[in-house]
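Please look over the sequence and the model shown below before reading on. The paragraphs after it go from the whole chain to single residues.

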Amino acid sequence: IIMSLSDKCLQDPKKNSIFHQMEGLIQAIETFFHPSNSGNWTKPISQLVYFLADFFVMRWNREQSGEYELPEDRKLTPELRRRFVLCLRDVTFMGIYAKSGTAMNYSLSTLQSLAYLEPNLILPGALQRIYPAMQGLVEVHRTVSSIRALQMLSKIIARTKGFRCHLTTLLGLALPGIDANDLDKTMHTLAFVQAVCYNIPLHDL
C-alpha cells in the first residue's frame, strides 16, 4: 500500500486511488480502536496502523536521502505526508489508551512515527490528552499511558519550536509518578526523565 502511494493519488477526481481506499478503510474500522471496544481485533488493527506508519517513515527517509531513485511524479510529497498523518491521527490517539498492552505498544510506536512526520499536527492533540491525565483529572490507567507517550515524544517535543517549553512543566507533573507503591508507573516515569535528559542539556545548579 505504502509503496503504491504518490502525489497522483490526491489528484484522482473519482477519489478511487489507493490512498482514498486506505482512508475509507481506516474510517470504516475507526470505532474498533476505542478503548472500551476491545476484543480479538484490537491487536491486528493496531498492528496494521503501526506498519502503515512505519513503512511510510522508511520510504520518506529513503527518498529524502536519495537511496530510492524515483521519478519526481512518483515521490511522496509534503501534502501527501500531511494527509497520511491526518488519516491515522485519530485512531492512534485512541489506540494509546487501549486495554491490550500489545495494542498500546503498537499505537505508541505509531504515535512516534506520525509525530516525526508532522509534529505540528500531532503534538497539540497529544498534549491536550496528556495534560489532564498527568494532573489526575481522568482514570489512573491513562496516566501511565500518557507517561509512556511522553517518553516516545520527548525527542520530537524537545526539537520542535513552540512545544519544547512544555518539557519543564511535563517533568514537574511527572514527578509524582515516582511512587514506591507503583513500580510500573515509576519505571515509565524514570524512562521519560531519561529520554528528556538524552535530548536537552541540563544546567548544573
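Predicted model: local features only at pLDDT ≥ 70, side-chain atom pairs only at ≥ 80, totals over all residues.

Residues are numbered from 1 along each chain as its sequence is written, and side-chain values use heavy atoms, with hydrogens and water left out.

The protein has 8 helices and 0 strands, where helices (H or I, at least four residues) and strands (E, at least two) are DSSP runs numbered from the N terminus. The C-alpha trace spans about 55 × 45 × 25 Å along its principal axes. Of the 205 residues, 45% are buried, meaning under 20% relative accessible area, whereas exposed means over 50% and partly exposed lies in between (1.4 Å probe, protein chains only).

The largest nonpolar core has 55 residues, and those with the most contacts inside it are Leu5, Phe19, Phe84, Leu88, Ile157 and Leu170; such a core is a set of buried Ala, Val, Leu, Ile, Met, Phe, Trp, Tyr and Cys residues joined through side-chain atoms within 4.5 Å. Leu88 touches Ile26, Val49, Leu52, Ala53 and Leu114, not counting residues up to four places away in sequence, a contact being heavy atoms within 4.5 Å.

Helix H8 covers residues 183–199. Its buried residues include Lys185, His188, Phe192 and Val196, and what covers the buried residues of H8 includes helix H6 (140–159) and helix H7 (166–174).

Lys15 is exposed, with a relative accessible area of 60%, and its phi is near 50°, a positive value in a residue other than glycine. Most residues other than glycine have a negative phi. Ser17, also placed in the segment before H1, counts as buried at 10% relative accessibility. The side chain of Ser17 is joined to that of His20 by a polar contact of 2.8 Å (a pair of N or O atoms within 3.5 Å; within protein, one must be able to donate a hydrogen and the other to accept it, and residues adjacent in sequence count only if both atoms are side-chain atoms). Not counting residues up to four places away in sequence, Ser17 touches Cys9 and Asp12.

Note on methods:
Expected span 1.5 Å × (residues − 1).
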